[in-house]
Amino acid sequence: MTASGYTRWFKEIGLEDVPLVGGKTASLGELYSALARQGVKVPNGFALTASAYRDALTQAGAWDELRRLLADLDKRRIADLAKRAREARAIVYAATDQDNLRREIGEAYRQLEQEYGANVAVAVRSSATAEDLPTASFAGQHESFLNVRGPDDLMIACRRCFASLFTDRAISYRIDNGFDHFKVALSVAVMKMVRSDLAASGVIFTLDTESGYRDVVFVTGAYGLGENIVQGTVDPDEFYVHKPTFNKGFHAVLSRRMGTKEMRMVYAKGRATTRNVTTSKAARNQFCIDDKDVLELARCAIVVENHYSEKAGAPTPMDVEWAKDGSDGALYIIQARPETVASRRKPQALESYVLKSTGKVVASGRAVGEKIAAGKARLIKNDRDLRAFRPGEVLIASTTSPDWEPVMKTAAAIITDHGGRTCHAAIIARELGVPAVVGTENVTRQVKTGMSVTVSCADGDIGHVYDGALSFSVERIATDRLAKPRTEIMVNLGNPEIAFKTAMAPNDGVGLARMEFIINQHIGIHPMALAQPAKVKSAHDRRSIRLLIERYRKPSDFFIESLSEGVGTIAAAFYPRPVIVRLSDFKTNEYASLLGGADFEPKEENPMLGFRGAARYAHPAYAEGFALECAALRRVRNAMGLTNLKIMIPFCRRIEEARNVIETMARHGLNRGEGGLEIFMMCEIPNNVILIDQFAKIFDGFSIGSNDLTQLTLGVDRDSDIVAFDFDERDPGMLQMLTMAVTGAKRNRRHVGICGEAPANYPEIAKFLTELGIDSISVNPSSILRTMAIVHEAERSMAKSTAIAS
């Protein structure tokens with residue numbers, strides 16, 4: 001190396017400093033040293049700094065020519081933009097053809113050959129001085145080249161990488177974000193290739209990309225080189241790890257989703273240095289990495305985030321790329337940059353999109369963002385089709401290209417056949433604030449140009465594309481001035497897919513986490529069919545169950561993992577706030593609709609009053625199924641470390657039944673009081689209210705289920721069209737029941753809350769319960785802000801009355 005040369009070893013100095021928040025920067029050299037000290041591997045290599053770029057253009061006298069070329073550019077004239085960008089790249093490519101660069105690159109490459117062998121393969125990657133700012137990611141704007149071998153080809157790749165500062169998309173992006181073309185320079189990183197073509201690679205975010213929730217690490221991965229994930233040509237595997245409990249020593253995967261991973265990018269020979277091959281069916285049906293790898297990647301990402309946050313003087317969520325070497329089995333971090341979209345969201349306001357009607361679903365995939373949009377579809381098969389695209393249309397394609405960014409920013413929504421939530425289409429859509437549904441597999445076959453569609457990303461992880469323009473509403477609520485009442489306002493929740501988003505709204509935890517939603521939507525199999533699979537008679541059900549459990553050692557393992565990850569996601573989202581999960585409360589007809597359920601459920605005339613809730617848990621007909629529920633909850637608390645999880649018993653009719661349930665749970669490792677475990681009871685049967693003093697000796701708290709309590713107090717079936725008009729929580733008898741429940745619980749110094757919608761539907765009920773001194777009110781997420789305002793006003797009125805009386 002020459003003292004003033006352009007090449008520098010990563011382990012010594014590294015690239016140009018990376019911009020962080022508040023005008024601060026962090027040296028990549030410092031990062032690599034910090035990573036090495038903590039056992040994180042980074043591929044070796046060298047860098048051509050931005051100084052090399054500037055010096056080369058100065059020596060070649062290229063600056064004036066570039067300025068003249070871009071002086072009066074109108075990016076809306078697509079053809080002219082493409083022509084000028086092409087000429088600009090040619091200028092830079094010619095200017096960087098210099099002997100000193102060639103000599104420096106050759107010398108550095110020979111040192112790599114001495115360490116790794118002759119003709120070592122390297123990756124050539126860009127890093128612009130304005131790239132990865134807190135306000136702009138520049139994702140996909142510049143070029144990278146993989147599997148480059150030999151000093152001559154490396155020189156060409158480096159020059160092409162420098163020239164990519166003037167791709168059409170990069171020029172357009174700088175104009176949109178107000179960057180001066182001539183104050184931005186490019187560094188080139190040359191890194192030894194990690195043989196992920198023989199293993200896997202992917203992207204990590206140290207937050208949830210959709211909600212901006214910061215307490216998780218989000219890991220994505222697929223087989224082969226990582227370009228397929230970035231380009232969105234594959235649907236990757238996804239994993240979440242919960243940072244707070246991980247840092248406390250609970251190393252467990254919080255949740256996982258298997259992607260289709262249709263193809264893998266591998267090495268090629270000749271001019272095309274890489275190629276795609278089809279992934280085998282067996283490989284597609286397995287995760288590309290195991291839990292041990294996921295947890296190590298999470299650890300590495302946390303190290304990276306902590307390093308950058310310390311340098312920035314503020315929390316700095318990160319976007320990290322990783323690769324696993326199929327030769328040595330090691331995991332490598334190959335890129336780290338600040339995340340620039342979700343981390344910038346303002347917590348001062350909540351924006352809620354709600355569909356007012358539904359229609360035929362023509363495609364579904366991974367939701368990007370939380371918005372809804374409607375418009376005319378425009379199918380884009382190639383770059384030529386972009387000329388016909390009109391602002392406000394819905395862009396539909398197999399995958400998107402970074403060159404499409406000028407058009408993508410004018411789209412109402414974006415839909416693709418392929419890709420995951422870290423692909424190019426997802427990153428750009430997120431940055432532009434445009435809803436997108438990626439990885440639908442078939443949208444280009446189902447939707448034609450000119451067809452009206454509605455794209456909804458408002459229902460969690462799964463985004464839906466509806467036929468027709470459906471009506472929807474948007475509500476924006478300021479939260480920075482929201483007055484928080486003394487009474488705890490909690491949420492009712494069943495869907496883990498909206499847990500992170502919901503947790504970020506003002507609330508005091510989850511008053512009712514419905515286990516049935518997870519069993520029905522994420523498992524779909526009757527617990528007894530997994531405990532006793534030989535008793536399933538239906539050939540169709542046996543075949544369906546076999547497909548769902550094929551990668552598990554035992555059928556019951558599928559249930560325990562799926563339920564624990566669903567419940568665990570909710571508990572993690574609200575951690576350390578309390579999350580009260582209600583044990584399964586299906587009725588017999590609802591259980592029977594699950595796969596294999598018909599073989600284990602009796603036929604009942606009135607399932608509402610039949611074999612449900614606590615009656616099941618110690619009964620021989622369901623004892624093995626209940627054991628699986630307990631095993632899942634034990635995993636959430638003990639293996640995942642989510643001790644904020646409390647357990648609630650539904651529909652417990654009698655004192656003896658309550659004792660049996662507590663004893664049964666203890667036999668399954670859920671001992672009341674052990675590790676701080678609290679067990680609550682649903683107060684939803686008149687007998688619960690009448691005998692509340694005795695139930696209080698068995699349970700740590702109560703949650704009033706106003707729906708069932710009203711039905712059973714008034715003798716009214718709220719689902720009956722004939723008598724439902726008599727269902728009213730404001731009935732004097734019901735008010736007396738509520739009074740007895742709240743005062744009885746408080747008399748016994750037990751926590752008491754309510755988890756029905758009565759306080760949200762009727763402000764007078766919320767006021768009444770507040771005056772009784774109820775500890776918590778739990779409502780659906782859409783009702784929480786309204787309920788908070790009502791309760792705060794009731795508390796204020798009480799305080800005023802007390803002051804006047806005194």
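Select residues 99-116 and 151-163, helices α5 and α6: they pack at an angle of about 125°, with axes 10 Å apart. The model on screen is a predicted one. At that angle α5 and α6 are oblique to each other. Look at the handedness next: α5 passes α6 in a right-handed crossing.

Now show side chains at this contact. From α5, pick Leu101, Arg102, Ile105, Gly106 and Tyr109. From α6, pick Pro151, Leu154, Met155 and Cys158, which those α5 residues meet. Color the set by class: seven residues are nonpolar, one is polar and one is charged.

Stay on α5 and hide its partner. This helix has 18 residues. Its first and last C-alpha atoms lie 25 Å apart, close to the 26 Å expected at 1.5 Å a residue. Which residues of α5 are buried? Select Asn100, Leu101, Glu104, Ile105, Gly106, Ala108, Tyr109 and Leu112. Leu101, Ile105, Gly106 and Tyr109 are among these buried residues, and they also take part in the contact with α6.

Step off the end of the helix. Just after α5 comes Gly117, with a positive phi of about 110°. Go on to Asn119, in the loop between α5 and β5 (122-128). Asn119 is not a glycine, yet its phi is positive, about 60°. Most residues other than glycine have a negative phi. Is Asn119 buried, partly exposed or exposed? Its relative accessible area is 37%, so Asn119 counts as partly exposed.

Move to a second residue with a positive phi. Select Asn147, in strand β6 (residues 145-148). Phi of Asn147 is near 55°, and this residue too is not a glycine. Asn147 has a relative accessible area of 4%, under the 20% limit, and is therefore buried. Show what surrounds Asn147. Leaving aside residues up to four places away in sequence, Asn147 touches Ala121, Val122, Met193, Tyr267, Ala268, Thr273 and Thr274.

Select α3 (residues 63-70) and α4 (residues 78-95). The two pack at about 175°, with their axes 10 Å apart. Why is this pair called roughly antiparallel? The angle is over 145 degrees, so α3 is roughly antiparallel to α4. Show the contact residues: Glu65, Leu66 and Leu69 in α3 meet Arg84, Glu87, Ala88, Ile91 and Val92 in α4. By class, this contact has five nonpolar residues, no polar ones and three charged ones.

Jump to Pro576, in the loop between α19 (555-574) and β27 (579-582). Show the backbone here. The peptide bond from Tyr575 to Pro576 is cis, with omega near 5°. Most peptide bonds are trans.

For the last stop, select Arg749. This residue is in the loop between α27 (732-747) and β31 (751-754). Is Arg749 buried or exposed? Its relative accessibility is 77%, so Arg749 counts as exposed. Now bring back Glu104, one of the buried residues of α5. Draw a line between the two C-alpha atoms. Arg749 and Glu104 are 645 residues apart along the chain, with their C-alpha atoms separated by 77 Å.

How values were computed: Residues are numbered from 1 along each chain as its sequence is written. This is a predicted model: local features need pLDDT of at least 70, side-chain atom pairs count only at pLDDT 80 or more; totals for chains, interfaces and linings use all residues. Side-chain values use heavy atoms; hydrogens and water are left out. Axes are lines fitted to C-alpha atoms, for helices over the stretch in contact, and angles run from 0 to 180 degrees between N-to-C directions. Helices (H or I, at least four residues) and strands (E, at least two) are DSSP runs, numbered from the N terminus. Angles under 35 degrees count as roughly parallel, over 145 as roughly antiparallel, 65 to 115 as roughly perpendicular and the rest as oblique. A crossing is left-handed if the near helix is turned anticlockwise from the far one by less than a right angle, and right-handed if clockwise. Contact means heavy atoms within 4.5 Å. Ala, Val, Leu, Ile, Met, Phe, Trp, Tyr, Cys and Pro count as nonpolar, Asp, Glu, Lys and Arg as charged, and the others, Gly among them, as polar. The expected span of a helix is 1.5 Å times one less than its number of residues. Buried means under 20% relative accessible area, exposed over 50%, partly exposed in between (1.4 Å probe, protein chains only).
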